[in-house]
Amino acid sequence: MWIHFMNYLGIAIILNGIVMLIDQQLLRRLTFKIARGQYPPKFMIAQPNHIDMQQNVECAGYSSAYLLRHFGKEASGQEMYKNMPNKMKVGMVYLREA
């Protein structure tokens with residue numbers, strides 16, 4: 001049984017090495033470009049704002065509050081999250097149709 005395990009382990013290591021070589025060849029051809037400072041001004045938040053610190057996976061409420069403050073409406077991330085519908089048991093919010 002130990003010999004079979006070692007054979008499978010050896011095959012897994014060889015296959016992993018082959019996959020790594022293929023990935024290296026493919027990724028060498030990719031070029032990532034980050035365009036800094038080229039965003040349209042309408043997408044930038046220029047007025048003062050603050051980021052509420054969240055405790056768990058409550059990002060939907062906190063990010064919504066950040067955007068509402070950008071548009072001049074005072075909002076709390078914690079309150080926004082409490083009032084959000086469609087929450088999963090783990091805390092994340094189901095995506096609804098846009």
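Tutor: A salt bridge is a side-chain nitrogen of Lys or Arg within 4 Å of a carboxyl oxygen of Asp or Glu. Side chains of opposite charge can pair when their charged atoms come close. This is a predicted model, in which local features need pLDDT of at least 70 and side-chain atom pairs count only at pLDDT 80 or more, while totals for chains, interfaces and linings use all residues. Residues are numbered from 1 along each chain as its sequence is written, and side-chain values use heavy atoms, with hydrogens and water left out.

The pair to look at is D52 and R69, whose closest N and O atoms are 3.3 Å apart. Helices (H or I, at least four residues) and strands (E, at least two) are DSSP runs, numbered from the N terminus.

The two partners can also be described by their accessibility. Buried means under 20% relative accessible area, exposed means over 50%, and partly exposed is in between (1.4 Å probe, protein chains only). D52 has 22% relative accessibility and counts as partly exposed. R69, at 9%, counts as buried.

The structure holds 2 salt bridges. The other pair is K82 and E79, with 3.4 Å from N to O. K82 and E79 are 3 residues apart in helix 3 (residues 77-82), which means that about one helical turn separates them. K82 is exposed, at 52% relative accessible area, and E79 is partly exposed, at 40%.

Now the chain as a whole. The protein chain has 3 helices and 0 strands, and from the N terminus on its elements run α-α-α. Of its 98 residues, 11% are buried. Contact means heavy atoms within 4.5 Å. Among contacts with a separation of 6 or more, 20% come from residues 24 or more positions apart. Accessible areas come from the Shrake-Rupley method with a 1.4 Å probe, and for residues only the protein chains shown count as cover. The protein chain exposes about 9,200 Å², with carbon and sulfur atoms supplying 64% of it.
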